[in-house]
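The following exercises ask you to work through a structure step by step. Try each task before reading its solution.

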Amino acid sequence: MAKKLLIDLQKLREYKDTPVEGVLKFGEYAGSFKTIRELASFQFSCRRCEKAPCLEACPSMALTKNRDDIVRRATLLCVRCKSCIFVCPFGTLMDDLFVVKTSGRSFIRLHGEKDLQRFADSLPGEVASITDLEEEPARQVFSLSENILIKEFTWR
Ligand code: SF4
Ligand code: SF4
């Protein structure tokens, strides 16, 4: 069975200035890449507010909800004003979520097993590890993609 990367999102939050950020090619936006932080936060931490304050606060109409009610950000529309972060009543969105820090920070496209290992090695051991686990909601382990698992205490 293929190995997977397991990321503890709570612990990743504590490491804002990691020199390496993992990114995934993201299907809904052809050709664009999204950080693990962003994808996992919107998918597992966000409470999917019915009348979402983040969408209302965005001056660029960069935020929308997909058919599963998951918030998505159009990277090219976002002006990184952080309004959505400030109005979110649940603190879902991390302060540095949309900040592009290219200087001194590298981005690893998490594709094959080697990429996963390189990313895991770049973070403290308690944040990311390579595992044989599968998705197990009862243990707060959820599948973000084919080879990435996220541990997060979801609101549901
Ligand atoms: S306000 Fe926060 S919790 Fe509500 S939909 Fe937006 S990001 Fe999610
Ligand atoms: S940071 Fe981006 S997505 Fe958030 S409110 Fe500002 S423009 Fe919209």
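**Exercise 1.** Determine what covers the buried residues of α5, and work out how the two sides of this helix differ in burial.

*Solution.* Begin with the cover, which includes β1, β2, β6 (106-109) and β7 (128-131), where contact requires C-beta atoms, placed from the backbone, within 7 Å. Helices (H or I, at least four residues) and strands (E, at least two) are DSSP runs numbered from the N terminus. This is a predicted model, in which local features need pLDDT of at least 70 and side-chain atom pairs count only at pLDDT 80 or more, while totals for chains, interfaces and linings use all residues. Residues are numbered from 1 along each chain as its sequence is written, and chains are lettered from A and ligands numbered from 1 in the order in which they are written.

Next, identify L116, F119 and A120 as the buried residues in α5 (20 or more other C-beta atoms within 10 Å of the residue's own; exposed means 12 or fewer, partly exposed in between). Seen down the axis of α5, these buried residues fall within an arc of 100°, so they line one face of the helix. The face turned away from that buried side carries the exposed residues K114 and D121.

**Exercise 2.** Find which residues L110 touches, leaving out those up to four places away in sequence.

*Solution.* The contacts of L110 are L5, G22, V23, L24, D115, L116, F119 and I148. L110 is also among the residues with the most contacts inside the largest nonpolar core, which has 31 residues (buried Ala, Val, Leu, Ile, Met, Phe, Trp, Tyr and Cys joined through C-beta atoms within 7 Å). To this core α2 gives the most, with five residues.

Terms used. Two residues are in contact if their C-beta atoms, placed from the backbone, lie within 7 Å. The arc is that of the directions from the helix axis to the C-beta atoms.
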